[in-house]
Amino acid sequence: MAQVTDIESKADGLSSKLNWLRAGVLGANDGIVSTAGIVMGVAGAAVSDQALIASGVAGLVAGAISMAVGEYVSVSSQRDTEKAEIDVLRKRLDENPENQRLSLARTFETEGLSKKTSLAVAAELSDSDAIGAHARYELGINADELTNPWHAAWASMIAFVVGAIIPLIAMVASPDSVRVVATIVAVVIALIITGTTSARLGGAPVGRAIVRVVIGGLAAMLITYAIGALVGVVL
């Protein structure tokens with residue numbers, strides 16, 4: 001039983017790392033697309049280089065902070081919910097441990113184990129770590145590894161900044177005559193990388209994932225460029 005628990009713990013750790021990595025890739029993808037949209041829109045309005053840089057940096061900072069705050073609030077809410085569920089579980093175990101042990105055994109029965117085996121497994125797990133066993137198998141929560149909202153916030157912010165820097169540098173560092181084309185090329189390459197990575201992490205078809213993110217990114221850039229050009233003409 002100890003070996004099984006150890007294997008499950010390692011599997012949980014690997015799953016958690018993959019989820020964080022996948023979230024980071026998605027954060028980088030958001031940074032690429034949103035910042036590319038901003039700088040393309042400003043470039044379409046044909047404003048000065050100073051205004052272009054200022055808008056790009058402002059978009060990067062605002063987006064990164066927004067991602068961090070949003071992730072912190074979201075994960076904090078999830079953590080609070082998980083802690084509340086664990087507190088309720090702890091109270092039930094204190095009041096009626098035998099009933100909770102039978103409840104855990106029924107959970108194993110629904111997974112295909114015999115009643116005798118289910119009772120034996122529930123008893124051994126409960127004697128070892130009742131809270132951990134009930135949280136894991138009945139609530140789907142690892143009581144020892146609740147998500148840290150600060151880690152989530154920093155990871156999202158850093159990933160967004162890394163992604164946002166790509167279109168910003170491509171736009172401001174390229175000659176005026178090719179800056180739009182250079183930005184589009186840089187963004188497409190970056191989106192191919194993030195699309196491939198996210199697909200491989202999720203076990204999804206790579207080609208389909210690349211097509212989705214590239215089409216979405218191109219659409220965002222073309223639409224914002226056209227709107228920027230229209231606004232520039234009007235003003």
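Predicted model: local features only at pLDDT ≥ 70, side-chain atom pairs only at ≥ 80, totals over all residues.
Reader: Which residues of α2 and α4 meet?

Author: On the side of α2 they are Glu85, Ile86, Leu89, Arg90 and Leu93, and on the side of α4 they are Ala130, Ile131, His134, Ala135 and Leu139. By class, the residues of this contact are seven nonpolar, one polar and two charged.

Reader: Why are α2 and α5 called roughly antiparallel?

Author: The axes of helix α2 (residues 49–95) and helix α5 (residues 149–173) cross at roughly 160 degrees and come within 8 Å. Since angles over 145 degrees count as roughly antiparallel, the value of roughly 160 degrees places α2 and α5 in that class. Their crossing is right-handed. The residues of the contact of α2 with α5 comprise 21 nonpolar, five polar and two charged.

Reader: How many aromatic pairs are found in the whole structure?

Author: The search finds two. A pair of aromatic rings is described by the distance of the centres and the angle of the planes.

Reader: Why is the pair of tyrosine 72 and tryptophan 150 called tilted?

Author: The ring centres of tyrosine 72 and tryptophan 150 are 4.8 Å apart, and a pair requires centres within 6.5 Å. Their planes stand at 55 degrees. Planes under 30 degrees apart would count as stacked and over 60 as edge-to-face, so the value of 55 degrees makes this pair tilted. Tyrosine 72 belongs to helix α2 and tryptophan 150 to helix α5, so the pair ties together parts that are 78 residues apart in sequence.

Reader: What makes the pair of phenylalanine 108 and tyrosine 137 edge-to-face?

Author: The angle between the planes of phenylalanine 108 and tyrosine 137 is 65 degrees, and planes over 60 degrees apart count as edge-to-face. The centres of these rings lie 5.2 Å apart. This pair links distant parts of the chain, with phenylalanine 108 in helix α3 (residues 97–110) and tyrosine 137 in helix α4 (residues 115–139), 29 residues apart. Phenylalanine 108 has 8% relative accessibility and therefore counts as buried, whereas tyrosine 137, at 26%, counts as partly exposed.

Reader: Why is serine 118 counted as buried?

Author: Serine 118 has a relative accessibility of 0%, and the limit for a buried residue is under 20%, so serine 118 is buried. Serine 118 is found in helix α4. Leaving aside neighbours within four places in sequence, serine 118 is in contact with Ala105, Phe108, Glu109 and Leu113.

Reader: What makes serine 126 buried as well?

Author: The relative accessible area of serine 126 is 12%, which is under 20%, and serine 126 is therefore buried. Serine 126 also lies in helix α4. With neighbours within four places in sequence left aside, its contacts are Arg101, Leu104 and His134.

Reader: How do you know that leucine 146 counts as buried?

Author: Leucine 146 has 19% relative accessibility, and the limit is under 20%, so leucine 146 counts as buried. Leucine 146 lies in the loop between α4 and α5. Apart from neighbours within four places in sequence, leucine 146 is in contact with Arg79, Glu82, Lys83, Ile86 and Ile141. The C-alpha atoms of leucine 146 and valine 75 are separated by 9.7 Å, although the two residues are 71 residues apart along the chain.

Reader: What is the secondary structure of the chain?

Author: The chain has seven helices and zero strands. Of its 235 residues, 34% are buried. Among contacts between residues at least 6 apart in sequence, 73% join residues at least 24 apart.

Note on methods:
Residues numbered from 1 in each chain as written. Heavy atoms only, no water. Axes fitted to C-alpha atoms, helices over the stretch in contact; angles between N-to-C directions. Helix = DSSP H or I, 4+ residues; strand = E, 2+ residues; numbered from the N terminus. Parallel < 35°, antiparallel > 145°, perpendicular 65-115°, else oblique. Left-handed = near helix turned anticlockwise from the far one by under 90°. Nonpolar A, V, L, I, M, F, W, Y, C, P; charged D, E, K, R; others polar. Phe/Tyr/Trp six-rings, centres within 6.5 Å; stacked < 30°, edge-to-face > 60°. Buried < 20%, exposed > 50% of the residue type's maximum accessible area, 1.4 Å probe, protein only. Contact = heavy atoms within 4.5 Å.
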